[in-house]
Structures are given as C-alpha cells and as structure tokens.
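Have the sequence and the model open side by side for this one.

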Amino acid sequence: QVQLVESGGGSVQAGGSLNLACVVSRYSTSNYNMAWFRQVPGQAREGVAGIDTLGGTVYSDFVKGRFTISWDNEKKTLLLQMNYLKLEDTAMYYCATSASARWLSWRLLLQENQYNYWGQGTQVTVSS
C-alpha cells in the first residue's frame, strides 16, 4: 500500500513563497517517478513539476524558473518550493507517484495517466 500525505499549503500574497511537502509511505527501496499537479475547480488537473527515477526534473512552462521540485530520500518526502507566486497559482496541489519504477521521459512525466497513487491535496491561495 502506498500513501502520500501533502502539507504546506496556505494563503500568501502575490510575490510570496510557500514550500509544499509530500511524505510518501511505500514498502520499497526503488526509485519512482513523482510529480506535483494542481487543479482549480471546474478545470482539468494539470502537471506542475515532475522528477523521474534518475532524479531528472521537468517543469511546466507556467512555473519554470519559479518552482523547484526535489526528493529527500532520507525523509521520503517530495518537496515543491514555490517562489514569486502569482494569483493564477491558486489551486489545490496534489502529489502523485507511479506504481512502476520504470523511468519516464520528460514528455510523460507530467501526464496524469502515468500516476497511480495520489495524495489528498493541499490548498494554495495567492491573493493580491
């Protein structure tokens, strides 16, 4: 059984920063693909940032240069550092991981259908 628990969401003014964390409980020592997604009510979920089994990262164009994804293997935690937040970053943020340890290319890393396990989400609200 794989469990993901996000934390770190909250309210922040535009231009501010937040750090999201996703603790992963998994009975395996293999490396897995992981990603952050976000969703606004009434809209489709979209990929934000991903990290593959080799530690390679990919970012969506709308967060590139502002967000940083990383994996703390000791703490089994996926991190998302979000800087220079904009109003349009307001969304529910979800972390996800794949069931397979097969490496994913950057083209697939931010595709929702590549992931089998999801956290419950953490809300990020950016205000002016």
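In which loop is Lys76 found? Look between strand S7 (67-72) and strand S8 (77-82): Lys76 is in the loop that links them. Keep in mind that this is a predicted model. The phi of Lys76 is near 55 degrees, a positive value in a residue other than glycine. Most residues other than glycine have a negative phi.

Now go along to the loop between S8 and strand S9 (91-97), where Tyr84 is found. Tyr84 is not a glycine either, yet its phi is positive, at about 50 degrees. With a relative accessible area of 58%, Tyr84 is exposed.

Let's step back to the whole chain. There are 11 strands and 1 helix, and from the N terminus on they run β-β-β-β-β-β-β-β-β-α-β-β. The radius of gyration is 14 Å, close to the 14 Å that the globule rule gives for 128 residues, so the chain is as compact as a globular protein of that length. Along its principal axes, the C-alpha trace spans about 45 × 25 × 25 Å. Of the contacts with a separation of 6 or more, 61% are between residues 24 or more positions apart. As for cover, 43% of the 128 residues count as buried. The chain exposes about 6,900 Å², and carbon and sulfur atoms supply 49% of that area.

What sits inside? In soluble globular proteins, nonpolar side chains tend to be buried together. Here the largest nonpolar core has 25 residues, and Trp36, Leu80, Met82 and Tyr93 are the ones that touch the most other members. Strand S3 (18-25), strand S4 (34-39), strand S5 (46-51), S7, S8, S9 and strand S11 (122-127) each give two or more residues to this core. The largest share, 4 residues, comes from S3.

How many disulfides does the chain have? The count comes to 1 disulfide, formed by Cys22 and Cys95, with their sulfur atoms 2.0 Å apart. The link of Cys22 and Cys95 is right-handed, with 55 degrees about the S-S bond. Cys22 lies in strand S3 and Cys95 in strand S9, so the pair ties together parts that are 73 residues apart in sequence. Are these two cysteines buried or exposed? Cys22 counts as buried because its relative accessibility is 0%, and Cys95 is buried as well, with a relative accessible area of 0%.

Finally, follow S3 to its neighbour, strand S1 (residues 3-7). S1 and S3 run antiparallel and are joined by 5 bridges; one of the pairs is Ser7 with Ala21 in S3. In a regular strand the side chains alternate between the two faces of the sheet. In S1, Leu4 and Glu6 make up the covered face, while Gln3, Val5 and Ser7 are on the uncovered one.

Note on methods: Residues numbered from 1 in each chain as written. Predicted model: local features only at pLDDT ≥ 70, side-chain atom pairs only at ≥ 80, totals over all residues. Heavy atoms only, no water. Buried < 20%, exposed > 50% of the residue type's maximum accessible area, 1.4 Å probe, protein only. Core = buried A, V, L, I, M, F, W, Y, C linked by side-chain atoms within 4.5 Å. Pairing = 2+ DSSP bridges. Disulfide = S-S within 2.5 Å. Rg over C-alpha atoms; globule rule 2.2 N^0.38 Å. Contact = heavy atoms within 4.5 Å. Areas by Shrake-Rupley, 256 points an atom, 1.4 Å probe, with all protein chains shown as cover.
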